[in-house]
Amino acid sequence: DVVSQRRSGEISLILLNVVLIFFIIIYGIEQFGTTNSSGTLSSDVHERVYVLVLSIVMAIAVIMIYFQGLLNFDAQSGLLKKLSFIWIGLNVLLICTVFFRNLEYVNAYGLTFKRIGVFIFLFLSLWGLFTTWVKLKNRKTNIFLINRMVWAAFYVLVVSSLINWSWIVTRYNASHFANPDWNYLNSLDYNKQLLNTMYKEKGMTNTQIKRSVEAARSGQFFSKRLYFEFLDIQ
């Protein structure tokens with residue numbers, strides 16, 4: 001019945017909030033209370049992303065299970081809603097810890113596609129939390145929540161496909177590091193013109209760039225990428 005569903009939802013969210021508070025305290029101590037070596041940044045970022053994914057998936061599942069049907073409009077579900085709002089706030093704090101750790105990772109080792117992906121994931125997580133807050137506040141259905149999250153992911157995918165991330169990664173790493181990982185930058189596709197200019201400015205040989213461009217141009221006509229056809233690599 002509605003009473004037992006409400007009670008089980010309150011117990012579930014109390015347990016989730018307690019566990020989340022524990023992780024936030026631990027991560028806060030690691031972030032601001034201790035001096036970590038740069039070698040642990042990668043594992044720290046991965047661990048926090050996994051915890052964030054698990055926390056959001058579990059709590060959104062709990063909210064979608066309990067805030068549906070009659071319980072979604074139950075006037076006595078005030079405590080359940082308060083616990084849900086607390087969970088949303090705690091997840092925002094967890095997102096902040098992941099953001100600062102990933103930012104520290106970027107400052108130490110440079111920008112990569114995966115680290116950009118973490119920032120995009122954090123943005124989508126914030127949007128998901130905001131949409132969940134709107135659902136609870138305005139008593140929206142689960143379809144509303146799913147619809148908004150799917151469209152947000154679609155828009156992010158479309159916008160991301162229009163951005164030359166290779167150029168951004170190359171420009172950032174070359175500007176912030178005296179000796180960036182040139183092998184990684186050479187492995188990217190759509191930065192060859194910029195990379196060639198940087199090589200000339202630093203007096204480095206661009207043989208590897210020429211080989212990459214020639215290999216891309218030597219493919220079959222229908223598999224060629226037009227970007228490489230308009231490059232001026234000398």
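A pocket, as the word is used here, is found on a 1 Å grid over the protein atoms alone: whereas a cavity is a set of points where a 1.4 Å probe fits but cannot get out, a pocket is an open set with protein on both sides within 12 Å along at least five of seven lines, and its lining residues have an atom within 4 Å of a point. Grid points are joined across faces, edges and corners, and a volume is the space filled by probe spheres set on the points.

The structure is a predicted model, in which local features need pLDDT of at least 70 and side-chain atom pairs count only at pLDDT 80 or more, while totals for chains, interfaces and linings use all residues. Residues are numbered from 1 along each chain as its sequence is written, and side-chain values use heavy atoms, with hydrogens and water left out.

**The largest pocket**

The largest pocket holds about 220 Å³ of space. Its lining is made of 14 residues, and those nearest the centre are Ile56, Leu124, Ser125, Gly128 and Met149. Helices are DSSP runs (H or I, at least four residues), numbered from the N terminus. Helix 2 (41-66), helix 4 (113-138) and helix 5 (142-161) each give at least two residues to this lining, and helix 4 provides the largest share, six residues. By class, the lining has twelve nonpolar residues, two polar and no charged ones; here Ala, Val, Leu, Ile, Met, Phe, Trp, Tyr, Cys and Pro count as nonpolar, Asp, Glu, Lys and Arg as charged, and the others, Gly among them, as polar.

**Helix packing**

Axes are lines fitted to C-alpha atoms, for helices over the stretch in contact, and angles run from 0 to 180 degrees between N-to-C directions. Contact means heavy atoms within 4.5 Å.

| Helix pair | Angle | Axes |
|---|---|---|
| Helix 2 and helix 3 (residues 78-109) | about 160° | 10 Å apart |
| Helix 6 (residues 165-176) and helix 8 | about 20° | 9 Å apart |
| Helix 8 (residues 192-202) and helix 9 (residues 207-217) | roughly 160° | within 10 Å |

Angles under 35 degrees count as roughly parallel and those over 145 as roughly antiparallel. Helix 2 and helix 3 are therefore roughly antiparallel, and their contact has 18 nonpolar, six polar and four charged residues.

Helix 6 and helix 8, by their angle, are therefore roughly parallel. In this pair Trp167, Thr170, Arg171 and Ala174 of helix 6 meet Leu194, Leu195 and Met198 of helix 8, a contact of five nonpolar, one polar and one charged residues.

Helix 8 and helix 9 are therefore roughly antiparallel. Lys192, Leu195, Asn196 and Tyr199 of helix 8 make the contact with Ile209, Ser212 and Val213 of helix 9.

Note on methods. Angles under 35 degrees count as roughly parallel, over 145 as roughly antiparallel, 65 to 115 as roughly perpendicular and the rest as oblique.
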